[in-house]
Amino acid sequence: MKNTVVTIQQAKENGEKVTMLTAYDYSMAKLIDEAGINMILVGDSLGMVMLGYEDTLSVTMEDMIHHTAAVARGAKNALIVADMPFMSYQTSVYDAVVNAGRLMKEGRAQAVKLEGGREVTEHIRAITNASIPVVAHLGLTPQSLNAFGGFKVQGKSEAAAKKLLEDAIAVEEAGAVAVVLECVPAKLAELISKRLTIPTIGIGAGAGCDGQVLVYQDMLAMFSDFKPKFVKHFAQIGEAMKAAFAAYSEEVKSGVFPAQEHTFKIDDEVIEKLY
Ligand code: KIV
């Protein structure tokens, strides 16, 4: 069944959890889609896990369009959400609409995600008015890394918790179809999830959210630069890949690979004429 903003909303109304994983290319999008995951996020986390930057700030619109288009070619049923990269929407409401439009038109995304609360409600409204669904992102918003002074859990004090709740209500009122809550105390995320009618998708925000999202390299133990507390390794694919690469190296060097079944034949008389 094709996932849409309507089915995601219905899932919340029916008390069914929503699943989301990141993907950045065709093959991975196909696997995730075939596993029945509801939503694929082409996250600007690609800056770190695919391109090797130390944060998401250097990711460009061209990077996002390139990877979103590859994911869109691989996914049939998952709802594809593309991240709006740093400075593609903060500069003006006009830029926000133009760049959201490019992610839909050139990248074939089905929704866009942007970071922030009340300060981006005008942007959310304008993008929504252009018939582009918007997923909001609150809590630890990695594009504000320098303003936060590091990657930290958000909303712990009374004032910060109140602000987060008010921001969540504001983005819903502005038209957001869902909201990602990143690194938010579990009880606060649960409260926000109960107050909102749109689904909350948590990452480091506990089980009270309406859905969960993880970066696939994190959940498959393929990214070893650091492991956030909220990550669970569902498989040791990084180690399995390293073992396979080493086995390949060993077989090539020892002459075991390629074997007869991996090679193409030619008639002996054709070859003999060449000697
Ligand atoms: O870029 C990303 O992958 C994200 C998730 C961590 C929610 O925004």
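**Close-up views of a predicted model**

**View 1. A cis peptide bond in a loop.** P258 sits in the loop that runs between α11 (237–254) and α12 (268–272). Helices (H or I, at least four residues) and strands (E, at least two) are DSSP runs, numbered from the N terminus. The peptide bond from F257 to P258 is cis, and its omega is near 0 degrees. Most peptide bonds are trans. This is a predicted model, in which local features need pLDDT of at least 70, side-chain atom pairs count only at pLDDT 80 or more, and totals for chains, interfaces and linings use all residues. Residues are numbered from 1 along each chain as its sequence is written, and side-chain values use heavy atoms, with hydrogens and water left out.

**View 2. A positive phi at R108.** R108 is in the loop between α5 (93–105) and β4 (111–115). Its phi is near 60 degrees, a positive value in a residue other than glycine. Most residues other than glycine have a negative phi.

View 3. Around the ligand are T22, L41, G43, D44, S45, D83, K113, H137, V180, E182, I203 and V215. The shell divides into four nonpolar, four polar and four charged residues. Here Ala, Val, Leu, Ile, Met, Phe, Trp, Tyr, Cys and Pro count as nonpolar, Asp, Glu, Lys and Arg as charged, and the others, Gly among them, as polar.

**View 4. Side chains at the ligand oxygens.** A ligand oxygen atom is 2.5 Å from an N or O atom in the side chain of S45. For the side chain of K113, the distance from a ligand oxygen to an N or O atom is 2.9 Å. For the side chain of D44, it is 3.1 Å. Taken alone, the ligand exposes 260 Å², and the protein buries 95% of that. These areas come from the Shrake-Rupley method with a 1.4 Å probe.

**View 5. The largest cavity.** Lining this cavity are V5, I8, Q9, M39, L79, V177, A178 and P199. Helix α1 (residues 5–13) gives the most to the lining, with three residues. By class, the lining has seven nonpolar, one polar and no charged residues.

**View 6. Two domains.** The domain assignment, automatic or from a database, gives domain 1 (5–237) and domain 2 (240–272). Their C-alpha centres lie 43 Å apart.

Methods:
1 Å grid on protein atoms, 1.4 Å probe; cavity = no way out; pocket = protein on both sides within 12 Å on 5 of 7 lines; lining within 4 Å. Near = heavy atom within 4 Å. Polar contact = N/O pair within 3.5 Å; in protein donor to acceptor, adjacent residues only side chain to side chain.
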